[in-house]
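Please open the structure in your viewer and follow the stops below in order, making each selection before reading on.

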Amino acid sequence: MSRPGGITTLAEHKRRRIDELTARTSEAGGVSLIRDAGRRLRRNPAALVGAGIILIFLIIAIFAPLVAPHDPVQRFPELTAKLTVDSIPGPAAGHPLGSDPLGRDFASRMIYGARQTLFVGVLATLIGLLFGVLLGAIAGAAGGWADVLIMRVTDVMLALPSLLLAITLVALASESTQWTVIIAVAVVNVPIFARLLRGSMLAQRESDHVLAARALGVKQRDIVTRHMLPNSLTAVIVQATLTFAVAILDAAALSFLGLGDPDINRAEWGLMLGVDGVHYLEVRPELAYFPAIAIILVALGFTLLGESMREALDPKNRR
Amino acid sequence: MPLLDVRDLSVVFQREGAEPFTAVDGVSFTVEAGQTVGLVGESGCGKSVTSLAIMGLLPRRGNRVTGEVFFEETDLLTLRPQDLRDRRGRDIGMIFQDPLSSLNPVIPLGLQVAEVLERHQGKSRAAALRQARELLDAVGIPDPDRRLREFAHQLSGGMRQRALIAIALACKPRLLIADEPTTALDVTIQAQILTLLKDLVEQSGTALVMITHDLGVVAGLCDTVNVLYAGKVVERAERHDLFAEPRHPYTHGLLQSVPRLDVDRGGRLHQIRGSVSDNIPWPEGCAFAPRCDRVIDDCIGETVPLTPTRRRDGALRCTNPVPQEVPA
């Protein structure tokens, strides 16, 4: 409503301004938690560094056959010729990182190693996460005997050092393959996820908004899946990203200890560090350094990304 | 027949290694359709526990709830949990004290309003969201389209409580229980929320149980008031009667402790001496006796019964009530 002469009132001006802002928001597709989190993530340098590291390793892992100069298991005559117990050939034409103790191309083995290591770490974490969340949700939501049973079992598992438990599990298997390692590392992580989720579920069960949902007659199943679980997952997400790093280290440790896949041709950083790296540390320390640095970098990447994801996903950080 | 008829409701907390504690002790009151009834008392007198017991929201373990809570023809206390769940939110709505923590922090507001419509009216998500928009509009939330997509922490305190009222009233319940709905809000917003509640309740004919420690809220809203002390109703009266002539020394003390603008300043504000922890158990006399200014020998010894007064809907639990002014 404009006054004669075209002068708009203050109220009208305000209203127009609000409409304008609303229109802009809805044009941008509205407000969305995921989109917001993504935008915050893109602005966080730590997240970018973490994501960058993981992305580089992922690309290397996926395109290993294209990136690697050679086949990782092939032994090269020009390398084996100069190979002795006291001297392992260093960088040479066609072999940028030189040879490993069996005359294979070290650079190619490092590149194929990314494939193995990431595969094992990611899969072990996801399997552990899946079962941990399932058990934790049941324990936290149901309570009673289910809770007691699940929690006592996790107590027993947590009482043992995780690596020792993983070693025991691998030792129990009749023959060791890559899958033994994955499952052992996954199982070790289940109680951590379960306990963490159960704890936050219990806190949620007593929270006002769950009481309010119950006062509205919301079904138990919906209360668990819509109200308790989404509010409890933050802690588990953080734990999962940290577990990526730990799972990679655990899998590497199992290989290092000789409990992984016994195939000597398999390129895996933990195995390379444990077998070649340790034995020939004085002859060619790079054999230990490069796999170790690679493991640390990947673990660092996951940790950085995980921490920033937690910050970004927390709705309280929205601006 | 009243809409809600609470008869002899008792809640006993039984904790391992501790004496059982009677939080609500034989409370009876009725709410007629469309009526607004207040439950008043200080912290720890059993107001909130009463409301949670009516809704069947107290944890099963460690609590013994006895008595009867008739909603129309059905005793809510004997209902199967799933049947009671069907009624909560549909027949009886509830609003809580803290509007921020009563909203789910990770779900947009729209979905929270829609949830109750989907649950009780079997609406599709789209239809529920459309109605959610109207509901937010009806409780005076500006720009509802945008608010539907926002999260609890993005709303102001008053807006959150408005949203909760919208959710509680979404299915047009016949009874709304409001547990201190304005305590967490500042005074100007309190007034707005109370006005809103009053308007909505009047428009829709919803009965309202108003739980509060604020006598100002009672004065503005309630038809009938139940004053609770240590888990028992100590005085019941129509609003006007209660404010004009409180009979129970506790009610009298509460009203005396409210600062007033029309009375001479300078003197100290009246206070009720002691605290709730000074109570004596009800079976041994009047729980309020140790704090009462009008205590006499008869107050201690046996339970003081709740007796009807001559006032309409009135009842009193006192051996030595504040005298009524003799009409000139």
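Select chain B in cartoon view, keeping in mind that this is a predicted model, and look over its secondary structure, which comes to ten helices and twelve strands. Of the 328 residues of chain B, 44% count as buried. Among the contacts in chain B with a separation of 6 or more, 62% are accounted for by residues 24 or more positions apart.

Next, colour residues 4–222 of chain B as domain 1 and residues 229–316 as domain 2, the two domains into which the chain is divided. The C-alpha centres of these two domains of chain B lie 27 Å apart. Where they meet, 16 residues of domain 1 of chain B are in contact with 13 residues of domain 2 of chain B. On the side of domain 1 of chain B that touches domain 2, strand S2 and helix H8 (215–221) of chain B each supply at least two residues, and S2(B) gives the most, with seven residues. By class, that side of domain 1 of chain B has nine nonpolar, five polar and two charged residues.

Stay with S2(B) and bring its neighbours into view: four strands of chain B form an open sheet in the order S2-S1-S4-S5, with antiparallel pairing. Which strands are the edge strands? They are S2 (21–31) and S5 (74–75) of chain B, each of which pairs on one side only. Now select strand S1, residues 4–13 of chain B, which pairs with S2(B) in the antiparallel sense over seven bridges. To see a bridge between particular residues, pick Asp5(B), whose bridge partner in S2(B) is Thr30(B).

For the last stop, show chain A as well and select the contact between the chains, which takes 29 residues from chain B and 22 residues from chain A. On the side of chain B that touches chain A, the elements giving two or more residues are helix H2 (81–87) and helix H3 (109–121) of chain B, and H3(B) gives the most, with four residues. Colour this side of chain B by residue class, and its residues divide into eleven nonpolar, six polar and twelve charged.

Conventions:
Residues are numbered from 1 along each chain as its sequence is written. Chains are lettered from A and ligands numbered from 1 in the order in which they are written. This is a predicted model: local features need pLDDT of at least 70, side-chain atom pairs count only at pLDDT 80 or more; totals for chains, interfaces and linings use all residues. Two residues are in contact if their C-beta atoms, placed from the backbone, lie within 7 Å. Ala, Val, Leu, Ile, Met, Phe, Trp, Tyr, Cys and Pro count as nonpolar, Asp, Glu, Lys and Arg as charged, and the others, Gly among them, as polar. A residue is buried if 20 or more other C-beta atoms lie within 10 Å of its own, exposed if 12 or fewer, and partly exposed in between; C-beta atoms are placed from the backbone. Two strands pair if DSSP finds at least two bridges between them. Domain bounds come from an automatic or database domain assignment.
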